Amino acid sequence: MAAKIKETIRLEEARDGKALWKKWGPYLSERQWGTVREDYSENGDAWNFFTHDQARSRAYRWGEDGLAGISDDKQQLCFALALWNGKDAILKERLFGLTNSEGNHGEDVKEYYFYLDSTPTHSYMKYLYKYPQAAFPYADLVDTNRGRSREEFEFELLDTGVFNEDKYFDVFVEYAKASPEDILVQITVANRGPQAAGLHVLSTLWPRNDWAAWLAKPVEKPILKQIDGPAGTRAVAVSDPGLGSYYLYCEGEAPLLFTENETNHARLGLDYPDAGPYLKDGINDYVVNGQQGAVNPDKTGTKVSAHYQVNVKAGETAVIRLRLTNSPPAEQNQPFGKNFAEVLALRLREADEFYQSVTPPAVSADAAQVMRQAIAGMLWSKQYYYWDGDQWLEEHRAHPLHHGSRDFRNREWFHMINEDIISMPDKWEYPWYAAWDLAFHTLPIAIVDPDFAKEQMELMLRGIYLHPSGQIPAYEWNFSDVNPPGPRLGHSVPTPHRAGAAWRSGCRFPQESLQQAHAELHLVGEPQGPVWQERLRGRLSRARQHRHLRPQRPVAHRRLFGASGRHGVDGVLHPEHGRARRGARLLRPRLRRHGF
């Protein structure tokens, strides 16, 4: 009998809750700036309120971004790269692109990066970024594209000549999990140019800022500090009340640069006091501008970079190794010993084995590689997406149940909370979920991970996502936009992967989903705004008699709002690990607070 495929075993362990193989993954966005979530402008101009230029200095509210990055599934702790070729005016901490008004064909990322490989549990991942050795042409890209008409071709990074004579670095980033909480990181810098060239590589670790005093519900601030590590390493200890303790081990004697993930109000011209002398752009100012006082000499903070400097000869490579784990130094005698290379090689072999098992025999070797990398792109495009409608609208003075609230986008969605790993259309150009697109994402994803595909289809139907009228949220620019009910109708598309045990375990779900889809087809175009608010107030008034919710109906607020009775829909979904019940508990005090 053939041995079971290791990646398949990991998928089963993740499904059964035996091991958290999916806890860490490529869940970091590639662009958090310019999103609706981060837009606190008066006129809803998301692109211009929070720009790429501000991103290095301004702490995000709802998520984080980075280069080739990973995070845990609640984005409490993030890891990513920053690069500097010695010529750019800023560190390369995130991908650059044009905003909607700057590009002659709309927003457009102007970088070259590739998702080379990933298993569905992210036990092995590989990423490639191409970084020019000359100064990155930020202004040239903006000015030239802005001056072109819609009928002209776009002005691309390659057109600027910055890659002439192959003067660039290929920066490969590989991740391999020795265990669910032990992540090996190998960075390989290849000089493709004709001459030796230097590069600064800053491997950066930081928590998402959810402790700021102005937040509705700030949490206790985590602490990162330098500690004594095993011989030949530098080590960082992370103490997070919510996440626990983690350690970053850095091979060699690279200095550790500490600052805080806090906004530099002075640089942005904002009339608020800074949290202290060490701010989000402190590492940038230290490396690029030589400001010695921009980083904390006490070796503590909420953002840290291991600062490697390599000089790579023409055609050669340099390797940097790190390890992010929950094992303290006493349990990591040799974090970069022989076992490191063995685990990395083993996870790659297991990835090969897994993809061979899901690739049809008739597919050629070349086509199989195309299929594998295409699926890897889908898996790398997972992102932690966070949006709490009640808090967001309150912070924007647009909550519809508050007196004097202003008219602003998405004010009908105050009930909704999103805090999940979701498949994105693109983590730079579209770093927000689109319900219609999401239904189609599940088809290729189901080839390798039917559990995640099913979870994505189910996600949009959760009570904490659905509008009280039964509408599926469309996308953050306008959650109320009319979209076909793709996540529901998508269940009628047959695929061979749904015959497996993982899909059969939720066999009732497609039937219920189609029942709800039938109702939603009658909801398209249902009036919103004041008409809907009056209807909602009436439903909330009747809801007082339903405070004792039946435990077998976790999507409680659909019953509260009377949607099932009005539209003849059962409205019962499978229990969602307490998320919907949590949503019901959150909803009840909100109703009481607003006088219903």
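This is a predicted model: local features need pLDDT of at least 70, side-chain atom pairs count only at pLDDT 80 or more; totals for chains, interfaces and linings use all residues.
**Entry 1. Helix 1.**
I started with helix 1, which spans residues 6–16, and looked up its buried positions: they are E7, R10 and L11. I then looked down the helix axis. The buried residues fall within an arc of 100°, so they line one face of helix 1. As a reminder to myself, an α-helix has 3.6 residues a turn, so residues three or four places apart point the same way. Next I asked what covers the buried residues of helix 1. The cover includes helix 7 (338–358), helix 10 (435–448) and helix 11 (450–459). Just after helix 1 I noted G17, which has a positive phi of about 75°.

**Entry 2. Helix 11.**
Helix 11 is part of that cover, and I checked its own burial. Of its 10 residues, 9 are buried, so helix 11 is largely enclosed by the rest of the structure. The buried set includes charged side chains, among them D451, K454 and E458. P450, F452, A453, Q456, M457 and L459 are also on the buried list.

**Entry 3. R58.**
R58 sits in the loop that runs from helix 3 (52–55) to strand 2 (67–72). The side chain of Q54 makes a polar contact with the side chain of R58 at 2.9 Å. A polar atom of the R58 side chain also lies 3.4 Å from the backbone oxygen of F49. Leaving out residues up to four places away in sequence, I recorded F49, F50, T263, L268, L270 and K280 as touching R58.

**Entry 4. Cysteines.**
I searched for disulfides and the count is 0. C78 has 0% relative accessibility and so counts as buried. C250 is buried as well, with a relative accessible area of 1%.

**Entry 5. A376.**
A376 belongs to helix 8, residues 365–380. Its relative accessible area is 0%, so I list A376 as buried. Apart from neighbours within four places in sequence, A376 is in contact with Y115, L116, D117, S118 and Y355. I also took the C-alpha distance from A376 to H122: 9.7 Å in space, against a separation of 254 residues in sequence.

**Entry 6. Salt bridges.**
How many salt bridges does a search of the whole structure find? The search returned 33.

D449 and K22 meet through their side chains at 2.7 Å, N to O. This pair links distant parts of the chain, 427 residues apart: D449 is in the loop between helix 10 and helix 11, and K22 is in the loop between helix 1 and strand 1 (24–25). D449 has 0% relative accessibility and counts as buried.

E395 forms a salt bridge with R61, and their closest N and O atoms are 2.8 Å apart. E395 is in helix 9 (residues 389–395) and R61 in the loop between helix 3 and strand 2, 334 residues apart. Both E395 and R61 are buried.

D420 is bridged to R462, with 3.4 Å between the closest N and O atoms. D420 is in strand 19 (residues 417–423), while R462 is in the loop between helix 11 and helix 12 (486–489). Both count as buried, D420 at 9% and R462 at 11%.

Last, I noted a network of salt bridges that links E7, R10, R347 and E350. E7 and R10 are among the buried residues of helix 1 from my opening entry.

Methods:
Residues are numbered from 1 along each chain as its sequence is written. Side-chain values use heavy atoms; hydrogens and water are left out. Buried means under 20% relative accessible area, exposed over 50%, partly exposed in between (1.4 Å probe, protein chains only). Helices (H or I, at least four residues) and strands (E, at least two) are DSSP runs, numbered from the N terminus. The arc is that of the directions from the helix axis to the C-beta atoms. Contact means heavy atoms within 4.5 Å. A polar contact is a pair of N or O atoms within 3.5 Å; within protein, one must be able to donate a hydrogen and the other to accept it, and residues adjacent in sequence count only if both atoms are side-chain atoms. A disulfide is a pair of cysteine sulfur atoms within 2.5 Å. A salt bridge is a side-chain nitrogen of Lys or Arg within 4 Å of a carboxyl oxygen of Asp or Glu.
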